[in-house]
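Please keep the picture open while I speak.

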Amino acid sequence: RRSSQGGGLYSMSCAPGPWGGAFMRPAFAPSPVLAGGSSLKLAGGRRGLNSLSMTNKVFVAGGTGKVGRIVVKRLLEEDWKVVAIARNETSDIARELASMGAEVRKGDVCDLEGLKECMKGCEYVVSLVGCSPPRFVKISDLWSDPRKDANHPANVQYQGVKNLLEASKTENVKKFVRLTGLAVGASPWNPVSILFSLLLSFSTYWNRKGEMLLRESGVDYSIIRPGGLKDVPRAREGTDKLFLASEAWGDKTPPFTTGISRADVADLCCLSLTDKRLSRATLRVNRMRPPTADNNYFEDPQAKSTWEELLDTVEPDKKPLEEVDYTLPVGLAATAGLLLPFPSSSSLHDAAVAGVLGIVVGWVAKLALSLFG
């Protein structure tokens, strides 16, 4: 099932650092992905959201996912007309969206002509599509065309975005909002980037390729890169704070914390549709828990309780997103794994298998890229 992004990045420990007082060191342990999430009214500063929504229609791809359902509910609460696509329009989740008031149309991001038909009459697009459940690498990727696997990130997160953009241009869409992940902005040498590439079919790479298409398309856009998505209350409902950094700031990026509320991310997606401050901007977002003696966190003056307090700091993207090589780090890391000493033959065997698989995956990624031109 394809749906909105829901994977946690990884757990972190904290120490003073360059982001205004908090820097996260990776513990390299996957953070849990929890289910659910409810939608509440966005407190304060709904600039433009109600004023335009009475006559406009928004197209939501990935509306059957965890973030997607919150986005659809949130938009309907603000009197938007919502069109959501589902590969199975009679599924329980699709029926749930319809019961909220959304128009559910049978569609697939891999079907361009079908998308064009489904998107008719829509002036805004929210793309929350991702591989759910995650698509793990397979040995058969060596000889298989990724375009024949409907759940491969190359199809969902790259070709799917490409199709959505082409359909959007047909409808002269005013704004395109895309949800990816904080790892897209991380170095390909980051251990988590390597892990995602090795295990998840280079999902970060394909997300980045999709972002590149959007930023070069000429369509007005907002790209939102959250940290690990979690089913926790909005920051303003407790003592947590929100981080927001523009890609245009360069290396000044929110730390990889313990994750962010799906509801907070959904709120930002909805705000991005009409708030001019978010035009043509790539946003890195996360949250931070209050500092305590147990977690060693430090208060960060740039973190706030609501998005409205942060939006005036946003800067639009200043240059094209560069393509980076994810295959070299994976190949070198896998090779290094073969050379490390292990206390037992079984451990050595496991390392060898993982190393060879890593090298194979790196080669397959280059093959997949050539197939897509």
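**A strand and its sheet**

In β5, V83 is the bridge partner of F59. Before I go on, this is a predicted model, in which local features need pLDDT of at least 70 and side-chain atom pairs count only at pLDDT 80 or more, while totals for chains, interfaces and linings use all residues. Residues are numbered from 1 along each chain as its sequence is written, and side-chain values use heavy atoms, with hydrogens and water left out.

Helices (H or I, at least four residues) and strands (E, at least two) are DSSP runs, numbered from the N terminus, and two strands pair if DSSP finds at least two bridges between them.

Strand β4, residues 57-61, pairs in the parallel sense with β5, residues 81-86, over four bridges, and β4 also pairs in the parallel sense with β7, residues 124-127, over four bridges, where A61 stands opposite S127. Four of the five residues of β4 are buried, so this strand is largely enclosed by the rest of the structure; buried means under 20% relative accessible area, with a 1.4 Å probe and protein chains only.

Stepping back, eight strands form an open sheet of mixed pairing, in the order β6-β5-β4-β7-β9-β10-β14-β12. At the edges stand β6 (103-106) and β12 (241-246), each with a single partner strand, so one side of each is left without a neighbour in the sheet. For β12, the pairing with β14 (residues 281-288) is antiparallel over six bridges, and the bridge partner of F243 in β14 is N286.

Definitions and conventions. Buried < 20%, exposed > 50% of the residue type's maximum accessible area, 1.4 Å probe, protein only.
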